[in-house]
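Work through the exercises below with the sequence and the structure at hand. Each task is followed by a solution in steps.

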Amino acid sequence: TGGVKIGRNVNVSDGAVIITAKHDVNSPTFEAKYEPITIEDWAWIATNAIVLAGVTIGEGAVVAAGAVVTKDVSAYSIVGGNPAKVIGERKKQPLDYVPGNYHPPFL
């Protein structure tokens with residue numbers, strides 16, 4: 001309802017949740033608010049991560065498994081935890097993969 005913009009070669013893993021709606025906790029009518037989410041090229045949202053309304057995930061950024069993202073994530077940052085905080089940096093190098101074009105070793 002708030003809109004989601006997803007860039008090229010983004011990986012969204014199993015169980016990830018992207019929520020563009022929220023409620024105004026101070027509204028006597030429990031008013032709903034909708035804010036867009038942007039996920040830029042080469043970003044990776046890992047298993048069971050949650051991305052909340054109004055957030056931008058920068059190019060090449062990684063959201064760790066189970067993280068709850070409440071604020072923007074800078075390009076090539078690695079964030080984790082609840083609320084998500086920077087826990088590392090991804091190398092700023094040309095990325096050259098297509099999510100889903102891999103073969104697990106058991107095949």
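**Exercise 1.** In which strand is the place of Ile-6? State also whether Ile-6 is buried, partly exposed or exposed.

Solution. The model is a predicted one. Step 1: Ile-6 belongs to strand β1, which covers residues 4–6. Step 2: the relative accessible area of Ile-6 is 48%. Step 3: Thr-56 is 50 residues away from Ile-6 in sequence, while their C-alpha atoms are 10 Å apart in space.

**Exercise 2.** Count the salt bridges, and find which parts of the chain they link.

Solution. Step 1: side chains of opposite charge can pair when their charged atoms come close. The cut-off used here is a nitrogen to oxygen distance within 4 Å. Step 2: the count is two salt bridges.

Step 1: one of them joins Arg-8 to Asp-41, with 3.2 Å between the closest N and O atoms. Arg-8 sits in the loop between β1 and β2, and Asp-41 in the loop between β6 and β7, so the pair ties together parts that are 33 residues apart in sequence. Arg-8 is exposed, at a relative accessible area of 52%.

Step 2: Lys-22 and Glu-35 also form a salt bridge, at 3.3 Å from N to O. Lys-22 is in strand β4 and Glu-35 in the loop between β5 and β6, 13 residues apart, and the pair links distant parts of the chain. Lys-22 is partly exposed, with a relative accessible area of 36%. Glu-35 is partly exposed too, at 27%.

**Exercise 3.** What is the order of the strands in the open sheet of five strands?

Solution. Step 1: the order is β2-β7-β10-β12-β13, and the pairing is mixed. Step 2: β2 and β13 stand at the edges with a single partner strand each, so one side of each has no neighbour in the sheet. Step 3: β7 and β10 pair in the parallel sense over two bridges. Trp-44 stands opposite Val-62, which is in β10.

**Exercise 4.** Describe the chain as a whole: how many helices and strands does the chain have?

Solution. Step 1: there are zero helices and 13 strands. Step 2: of the 107 residues in the chain, 29% are buried. Step 3: the C-alpha trace spans about 55 × 30 × 20 Å along its principal axes. Step 4: the accessible surface is about 6,800 Å², and carbon and sulfur atoms hold 54% of that surface.

Terms used:
Residues are numbered from 1 along each chain as its sequence is written. This is a predicted model: local features need pLDDT of at least 70, side-chain atom pairs count only at pLDDT 80 or more; totals for chains, interfaces and linings use all residues. Side-chain values use heavy atoms; hydrogens and water are left out. Helices (H or I, at least four residues) and strands (E, at least two) are DSSP runs, numbered from the N terminus. Buried means under 20% relative accessible area, exposed over 50%, partly exposed in between (1.4 Å probe, protein chains only). A salt bridge is a side-chain nitrogen of Lys or Arg within 4 Å of a carboxyl oxygen of Asp or Glu. Two strands pair if DSSP finds at least two bridges between them. Accessible areas come from the Shrake-Rupley method with a 1.4 Å probe; for residues, only the protein chains shown count as cover.
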